[in-house]
Amino acid sequence: MAHALRLAARGLGATWPNPSVGCVIVKDGVVLGRGTTAPGGRPHAERVALAQAGAAAAGATAYVTLEPCAHHGQTPPCAEALVAARLARVVTALTDPDPRTAGQGHALLRKAGIAVTEGVLSDPAARVAAGFVKRVTRGLPFVTLKLATTLDGRIATATGESRWITGAQARAHGHLLRLSHDAVLVGSGTARADDPDLTIRAFGTARQPLRVVLDSRLSHRPDSRLGQTARLLPVWLLHGPAAAPEARAAWSATGARLIECPAVGDHLDLAAAFRRLAKEGLTRVLCEGGGTLAAALTRAGLVDALALYQAGCLIGADGTPALGPLGLSLLQDAPRLRLGETRTLGPDTFSLWFS
């Protein structure tokens with residue numbers, strides 16, 4: 001199951017709206033087949049592993065990170081495929097929260113006489129499947145807030161200089177983080193100030209995340225890097241009702257997708273915007289905005305994880321803070337996070353925190 005979870009983790013960012021699942025088929029101590037959900041969500045991991053195992057799968061055990069599906073979609077249920085392969089046993093980590101399966105896959109296997117063991121390595125499996133589970137159960141994507149700061153929590157000097165606070169290893173790790181998410185998201189302020197392209201420029205990968213900008217009035221320029229590449233790599237712009245018709249037309253002409261969301265005053269309703277992203281199928285979103293967006297997401301309770309890169313330098317109080325005002329007057333009201341992992345990246349440090 002640990003191997004199956006590693007396989008599932010490899011597919012994060014590539015399988016939405018489906019979950020990334022890992023499957024390993026074993027008989028007599030020999031691995032006969034292994035699979036990860038393919039990019040785009042099809043074929044499922046179980047079918048990839050079964051194709052490798054072939055007829056030898058009869059009498060084998062399949063280790064699957066998520067309960068095999070039991071509903072007919074673009075392909076027949078994976079639970080039926082496991083039955084047809086005449087497996088002896090299926091071991092799963094999690095029950096699928098999708099109501100179309102939700103225990104029915106396990107029931108179908110047991111009805112066919114296959115032994116089923118549930119809940120193996122369920123905690124690490126829940127971390128891998130967190131995005132899919134949150135989208136299905138709460139109608140929201142799993143949101144990771146990324147910050148690259150100095151030791152005193154600054155992201156730019158008083159003049160706005162910010163490239164580069166962290167070193168090459170930290171930046172490469174940040175691209176790996178992008179690779180594990182369905183989309184990279186910034187606010188309009190960061191889009192205007194940095195003119196980012198939000199692509200992965202390491203590891204020689206051809207896969208790129210969806211690029212999303214929260215821009216209530218469509219103030220970002222259509223001739224920006226995002227606008228110039230929107231026909232090559234998808235760009236979504238979430239805007240409010242007040243966005244001007246000429247701005248909508250200019251951005252539509254670039255090939256970007258415009259999605260209107262409710263607004264509260266001059267700002268988008270963040271909860272509604274992220275619910276819309278989930279409705280569109282996104283399960284994992286990496287937010288790389290500035291301090292204003294970081295604070296707004298934190299105040300709205302939308303941050304599930306904080307990916308913090310810290311460089312061993314100091315800028316001082318005249319620098320730009322990583323997090324804008326939260327409006328707290330009592331320490332007991334401050335958000336408390338739990339540490340998930342830490343590592344050293346050259347001269348910098350990385351820590352991952354969970355809400």
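Start by selecting residues 22-27 and 61-66: these are strand E1 and strand E3, which pair in the antiparallel sense over 4 bridges. Two strands count as paired if DSSP finds at least two bridges between them. Strands (E, at least two residues) and helices (H or I, at least four) are DSSP runs, numbered from the N terminus.

The model is predicted: local features need pLDDT of at least 70, side-chain atom pairs count only at pLDDT 80 or more, and totals for chains, interfaces and linings use all residues. Residues are numbered from 1 along each chain as its sequence is written, and side-chain values use heavy atoms, with hydrogens and water left out.

**The sheet around E1**

Select Ile-25 next. Its bridge partner in E3 is Ala-62, and its bridge partner in E2 is Gly-33. E1 and E2 pair in the antiparallel sense over 6 bridges. These two strands form a hairpin with 2 residues between them, and Asp-28 in the turn has a positive phi of about 55°.

Axes are lines fitted to C-alpha atoms, for helices over the stretch in contact, and angles run from 0 to 180 degrees between N-to-C directions.

Contact means heavy atoms within 4.5 Å.

**The sheet of 9 strands**

Move to the open sheet with the order E11-E10-E9-E8-E14-E6-E15-E18-E17, which has 9 strands and mixed pairing. Which strands stand at the edges? They are E11 (257-260) and E17 (338-345), each with a single partner strand, so one side of each has no neighbour in the sheet. Neighbouring strands of this sheet are turned by 20° against each other on average, direction ignored.

Select E10 (residues 235-239) together with E11: the two pair in the parallel sense over 4 bridges. Leu-238 stands opposite Ile-259 in E11. Helix H10 (residues 245-254) packs on the sheet, touching E10 and E11, and its direction makes about 140° with that of E11.

**Aromatic pairs**

Rings of Phe, Tyr and Trp (its six-membered ring) pair if their centres lie within 6.5 Å; planes under 30 degrees apart count as stacked, over 60 as edge-to-face and the rest as tilted. By this rule the count comes to 2 aromatic pairs.

Select Trp-16 and Trp-236. Their ring centres are 6.3 Å apart and their planes are at 90°, so the pair is edge-to-face. Trp-16 is in the loop between helix H1 (2-10) and E1, while Trp-236 is in strand E10, 220 residues apart. Trp-16 is partly exposed, with a relative accessible area of 24%, whereas Trp-236 is buried at 8%. Buried means under 20% relative accessible area, exposed over 50%, and partly exposed in between (1.4 Å probe, protein chains only).

Then select Tyr-309 and Phe-350. Their ring centres are 4.8 Å apart with planes at 45°, so this pair is tilted. Tyr-309 is in strand E15 (residues 305-311) and Phe-350 in strand E18 (residues 348-354). Both Tyr-309 and Phe-350 are buried.

**Last stop**

Select Ala-170, in helix H7 (residues 168-179). Leaving aside neighbours within four places in sequence, Ala-170 is in contact with Tyr-309, Leu-345 and Asp-348.
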